[in-house]
Amino acid sequence: MTAVTKIAPPRAAKRPRVETWHNRVKIDDYAWLRADNWQEVMHDPSVLAPEIRAHLEAENAYLEAELADTKLLQGELFAEMKGRIKEDDSSVPAPEGAYAYYTSYVTGGQHPRFCRKPRNLDGPEQIMLDGNALAAGKAFFRFGDVSISPDQSLAAWSFDDKGSEFYRLQVRELATGHDRAETVDNTTGDASWASDGKSFFYTLQDDNHRPLKVFRHVLGTSQADDVLVYEEKDTGFFTGVGKTQSERYIVIDTHDHETSEVYLIDAETPAMAPRLVAPRKPHVEYDVDHWEDRLIIRTNADGAEDYKIAWAPIADPGPQNWSDLVPH
């Protein structure tokens with residue numbers, strides 16, 4: 001067996017920082033390793049302080065040295081895992097309008113391709129987005145989401161190429177394969193189209209990765225002109241935006257781990273103010289979908305700890321009008 005050269009583990013220098021919290025003194029020897037500009041670093045790793053970078057690189061070098069004698073085994077394990085995976089896999093085509101949409105993979109590729117064919121699957125494949133081509137030359141790449149406009153001519157798609165988990169939204173013209181010039185940054189990655197296909201809704205993250213604001217973006221305008229549609233004031237809540245399966249309503253959902261609240265916007269009138277379904281109540285969760293003139297509601301209200309299904313008229317969906325469809 002080839003001898004492996006060992007290196008000494010890096011030792012971070014102690015630089016005591018004395019802080020007082022609630023009348024208690026705390027001494028942190030390693031506070032200097034916490035980058036004060038960490039929010040900038042997430043967007044641009046090159047701005048990390050040289051002394052912090054040097055220590056992290058020393059730790060990486062130590063790791064590589066310690067595991068050097070396992071390189072062959074690592075390669076064998078990786079090859080075996082790949083051998084158990086169907087690399088050229090694809091999802092089942094999902095019909096929508098004139099097309100059927102699916103994702104596919106190619107052997108040796110690391111990222112999905114988003115594709116479509118005519119609805120009857122009797123026709124050529126169109127690769128709308130090729131993750132492997134988009135990731136080429138990048139140290140990191142990850143898709144967020146792909147949302148097709150109602151007329152199926154545009155795709156709002158998102159990606160993170162820094163590892164920051166802040167996603168950039170772009171709009172691709174599917175007839176040409178070109179992205180429009182406008183971009184929307186610092187999002188959670190999701191986009192929900194209005195019915196006319198001229199605007200979409202998205203969730204913005206703040207500098208601390210908290211998704212608290214929902215905006216509406218109008219095609220052809222700058223992100224600076226986007227309209228704030230909803231802002232969650234409780235920083236312990238998470239906010240997201242989606243659409244009912246009927247595609248008639250935009251759904252703004254805000255929740256923590258045990259309480260939720262939902263607002264609706266008619267997708268045919270995207271400029272309308274969000275309409276509250278039921279005010280939040282501690283320990284009560286609910287989510288909604290749309291069917292005909294009703295909302296279908298899954299909830300643990302009224303002690304339904306394993307949840308129940310209720311319905312309410314879309315015209316007045318408050319909890320006083322909830323009727324059990326599938327009781328607890």
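Which residue of β18 stands opposite Val262? The points below answer this and describe the surroundings.

1. Basis of the note. The model is predicted, so local features need pLDDT of at least 70 and side-chain atom pairs count only at pLDDT 80 or more, while totals for chains, interfaces and linings use all residues. Residues are numbered from 1 along each chain as its sequence is written, and side-chain values use heavy atoms, with hydrogens and water left out.

2. The strand pair. Val262 stands opposite Ala278 in β18. Strand β17 (residues 260–266) and β18 run antiparallel and are joined by three bridges. Strands are DSSP runs of E with at least two residues, numbered from the N terminus, and two strands pair if DSSP finds at least two bridges between them.

3. The sheet. Four strands form an open sheet in the order β15-β16-β17-β18, with antiparallel pairing. At its edges stand β15 (238–243) and β18 (275–278); each has a single partner strand, so one side of each is left without a neighbour in the sheet. From one strand to the next, the twist averages 25 degrees (axes are lines fitted to C-alpha atoms, and angles run from 0 to 180 degrees between N-to-C directions).

4. The largest pocket. A pocket is an open set of points on a 1 Å grid over the protein atoms alone, where a 1.4 Å probe fits, with protein on both sides within 12 Å along at least five of seven lines; lining residues have an atom within 4 Å of a point. The largest pocket holds about 260 Å³ of space, a volume being the space filled by probe spheres set on the points. Its lining has 13 residues, and Glu96, Ser147, Ile148, Lys243 and Glu247 lie nearest the centre. Strand β7 gives the largest share of this lining, three residues.

5. The second largest pocket. About 210 Å³ of space lies here. Among the residues that line this pocket are Ser260, Ala278, Tyr286 and Trp322.

6. Two positive phi values. Gln152, a residue other than glycine, has a phi near 65 degrees. Gln152 is found in the loop between β7 and β8 (154–160) and is buried (under 20% relative accessible area), at 10%. Asn186 is not a glycine either, yet has a positive phi of about 65 degrees. Asn186 lies in strand β10 (residues 178–187) and, at 28% relative accessibility, is partly exposed (between 20% and 50%, with a 1.4 Å probe and protein chains only).
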